[in-house]
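Please keep the sequence and the coordinates in view while reading.

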Amino acid sequence: MNINYVCHECGKKYKPESLVFRCECSGMLDLEKFEVQFSQKDIVQSEWSLFRYIKTMPFGEDFSLWKDISMGEGLTPIVPLEKDNPNVLVKVDYMMPTLSFKDRGAAVLIAKAKELGVEKVIQDSSGNAGTSIAAYANRAGIKCDIYVPENTSTKKVKQISSHGANVHLIKGNREDTAKAALTAVENGEGFYASHVYNPFFYQGTKTYVYEIYEQLNGELPETLVIPVGNGTLILGAYYGFKELLDLGMITKLPKIVAVQAEGCAPIYKAFTEKKSTVDGVANMGTLAEGIAIAEPKRGKQILDAIRDTDGEIIVAPENKIGETRRYLAEKGFYVEPTTAATFAAFFDYYERNKDHIKGKVLLPLCGAGLKAD
Ligand SMILES: *Cc1c(COP(=O)(O)O)cnc(C)c1O
Ligand SMILES: [Zn+2]
């Protein structure tokens with residue numbers, strides 16, 4: 001399939017072969033609309049990874065590079081958080097090869113990079129996306145440079161370098177790290193395998209929704225709570241919902257309740273101020289380092305997605321993250337602080353809204369506890 005990138009701002013098209021990562025107007029690139037196939041017979045029943053949904057992705061019939069790269073990512077369990085409340089479900093998305101949901105996007109993006117003949121990738125992250133890209137790039141035989149902020153958990157740094165990547169520890173905040181990676185890309189050092197910029201990453205994260213659809217026999221929960229930093233899971237989920245709607249497989253979009261960290265909440269701020277674009281904020285510090293993105297590049301798209309689902313955005317009370325992490329561990333789920341933050345925000349929201357929350361709510365367990373120092 002010859003699909004183009006299309007600029008979200010000006011509509012200009014680019015071929016992925018051009019290896020551009022943003023438009024010359026500096027707009028973010030999306031993929032052109034393409035035909036999605038998703039029915040019982042389109043699901044590759046013999047494939048026990050997210051590539052069972054390959055017909056929902058913009059690849060040709062003969063595209064098979066993923067077979068050498070996949071590590072069985074996806075197909076994570078959905079279980080009730082507590083035995084006496086069947087309406088609050090969790091999807092255990094840290095049950096992935098590198099222990100976070102980012103493997104969904106990385107598996108698809110690296111398969112695409114391989115098809116493009118890329119020999120070296122560059123990426124920046126607060127840790128988990130870097131780990132995923134490093135693992136899949138190495139498996140694909142692609143060299144890899146990962147940029148992370150200096151204060152990234154030593155365990156994540158070790159995980160990234162164990163996968164054979166070159167780790168660059170960058171002084172300053174997450175935005176300084178992004179700038180350092182961008183400079184390397186602009187100097188021609190490699191292909192920017194960014195989970196933020198590259199739209200193929202979202203073709204992987206959208207499988208979150210296709211799985212839920214298949215696992216719950218087509219009955220999507222009324223509400224999906226999703227943490228938001230750069231928006232890779234929320235936008236992927238939104239694309240999945242829209243496709244199901246277009247295919248006539250659902251009649252209404254589930255409501256998205258997005259979660260940001262109290263100390264770094266630019267999208268929350270724009271949403272509550274009823275703005276249509278997101279201005280950067282200063283990161284005041286948070287334990288939820290995985291969602292502490294002060295200047296989200298796809299902020300406007302995230303706002304539009306939340307509004308389109310009649311959704312909301314809430315913040316995680318910083319002083320509840322620790323106790324929520326212990327509570328989840330008591331339930332059997334050992335998660336990293338960013339994931340505890342999602343639940344801290346949700347419990348607070350649930351308390352305030354329990355009388356009018358209808359139906360089922362589903363939350364992801366995005367990152368494993370062993371990743372935190
Ligand atoms: C990446 C990540 C998030 C946030 O995802 P975004 O794509 O930045 O919105 C949340 N939790 C964990 C554990 C992550 O790794
Ligand atoms: Zn443009």
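Is Cys 10 buried, partly exposed or exposed? Cys 10 counts as partly exposed, because its relative accessibility is 46%; buried means under 20% relative accessible area, exposed over 50%, and partly exposed in between, with a 1.4 Å probe and protein chains only.

## Basis of the model

The model is predicted: local features need pLDDT of at least 70, side-chain atom pairs count only at pLDDT 80 or more, and totals for chains, interfaces and linings use all residues. Residues are numbered from 1 along each chain as its sequence is written, chains are lettered from A and ligands numbered from 1 in the order in which they are written, and side-chain values use heavy atoms, with hydrogens and water left out.

## Overall architecture

The protein chain has 12 helices and 13 strands; these are DSSP runs numbered from the N terminus, with helices being H or I of at least four residues and strands E of at least two. Its radius of gyration is 19 Å, close to the 21 Å given by the globule rule for 373 residues, so the chain is as compact as a globular protein of that length. That radius is taken over C-alpha atoms, and the globule rule is 2.2 Å times the number of residues to the power 0.38. Along the principal axes, the C-alpha atoms fill a box of roughly 55 × 50 × 40 Å.

Of the 373 residues, 59% count as buried. Among contacts with a separation of 6 or more, 70% come from residues 24 or more positions apart, where contact means heavy atoms within 4.5 Å. The accessible surface comes to about 15400 Å², and carbon and sulfur atoms hold 49% of that surface; the areas come from the Shrake-Rupley method with a 1.4 Å probe, and for residues only the protein chains shown count as cover.

## Two open sheets

Strands of a sheet pair through backbone hydrogen bonds, either parallel or antiparallel. Here two strands pair if DSSP finds at least two bridges between them. An open sheet of three strands shows antiparallel pairing in the order 2-1-3. Strand 2 (13–14) and strand 3 (29–31) are its edges, each pairing on one side only. Strand 1 (residues 5–7) runs antiparallel to strand 3 and is joined to it by three bridges; Val 6 has Asp 30 as its bridge partner in strand 3.

An open sheet of four strands has parallel pairing and the order 8-7-6-9. Its edge strands, strand 8 (166–170) and strand 9, each pair on one side only. Five bridges link strand 7 (residues 143–149) to strand 8 in the parallel sense, and Pro 149 has Ile 170 as its bridge partner in strand 8.

## Loop residues

His 195 lies in the loop between strand 9 (191–192) and helix 6 (200–205). His 195 counts as buried because its relative accessibility is 4%. The side chains of His 195 and Gln 123 form a polar contact of 3.2 Å, a pair of N or O atoms within 3.5 Å in which, within protein, one must be able to donate a hydrogen and the other to accept it, and residues adjacent in sequence count only if both atoms are side-chain atoms. Leaving aside residues up to four places away in sequence, His 195 touches several residues, including Lys 102, Asp 124, Arg 174 and Tyr 202.

Glu 17 is in the loop between strand 2 and strand 3. At 49% relative accessibility, Glu 17 is partly exposed.

## Cysteines

There are zero disulfides, a disulfide being a pair of cysteine sulfur atoms within 2.5 Å. Cys 264 is buried, at 1% relative accessibility. The closest cysteine sulfur to that of Cys 264 belongs to Cys 366 and lies 17 Å away, too far for a bond.
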